[in-house]
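Good morning, and thank you for coming.

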Amino acid sequence: MLRILTVAGGLLGAVGFSQFPEFSQQYIQRLGGAVDELRDVVATYEADAAAQGETLTSYIAALAKEGPRAQTQAQNMTAQVARLGVLSDALQSLEGAGPFMRAKLATHMGDRGVAGKAYATFEPAVPASFEGAVFAGTGFVAGWAGLKLVFGVFFTLWGLLLAPFARKKAG
């Protein structure tokens, strides 16, 4: 039974991991779109600031002092400028990286909005590339080993728990 469960875990891991190369590619495409859109929004803010003879930073600071509604707008502008910086840095790190490097840089793929949109349109496919096969193999080993470890620990603890109640064989 344990062998069947661990092989099933390995197969699930293989299927899941094999999808990483394509999902990460779609994530990067979405990330690029989000960065382009935020650049346009921030450029509009900068043009508004320039029309007032100010830098964007001073424009936002002055706006924040004009009252509750303007303060909310200033906070939103600040958040969008900051998000543009974070997403631009992530995109710069991920662009041009192959699937294995993207796996190493997976921490740069943490924007929930971008990931959610990429996942919503993602369609799993059979990995037909070298990278997909490597990720599938890695996923199989991870899934198999993970379940083997979990069930091994469980059955060991279960055996220790039941040991005081086991009957000794007459010999």
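Let us begin with Phe17, which is found in helix 1, residues 2-18; helices here are DSSP runs of H or I with at least four residues, numbered from the N terminus. This is a predicted model, in which local features need pLDDT of at least 70 and side-chain atom pairs count only at pLDDT 80 or more, while totals for chains, interfaces and linings use all residues. Residues are numbered from 1 along each chain as its sequence is written, and side-chain values use heavy atoms, with hydrogens and water left out.

Leaving aside residues up to four places away in sequence, Phe17 touches Phe135, Thr138, Gly139 and Ala142, where contact means heavy atoms within 4.5 Å.

I turn now to a pair of helices. The axes of helix 3 (residues 56-64) and helix 4 (residues 68-94) come within 7 Å and cross at roughly 150°; axes are lines fitted to C-alpha atoms over the stretch in contact, and angles run from 0 to 180 degrees between N-to-C directions. Helix 3 is therefore roughly antiparallel to helix 4, a term for angles over 145 degrees. Among the residues making the contact are Tyr59 and Leu63 of helix 3, and Met77 and Val81 of helix 4.

Finally, Leu161 lies in helix 7, residues 130-162, and counts as exposed at 51% relative accessibility.

Definitions and conventions. Helices (H or I, at least four residues) and strands (E, at least two) are DSSP runs, numbered from the N terminus. Buried means under 20% relative accessible area, exposed over 50%, partly exposed in between (1.4 Å probe, protein chains only). Angles under 35 degrees count as roughly parallel, over 145 as roughly antiparallel, 65 to 115 as roughly perpendicular and the rest as oblique.
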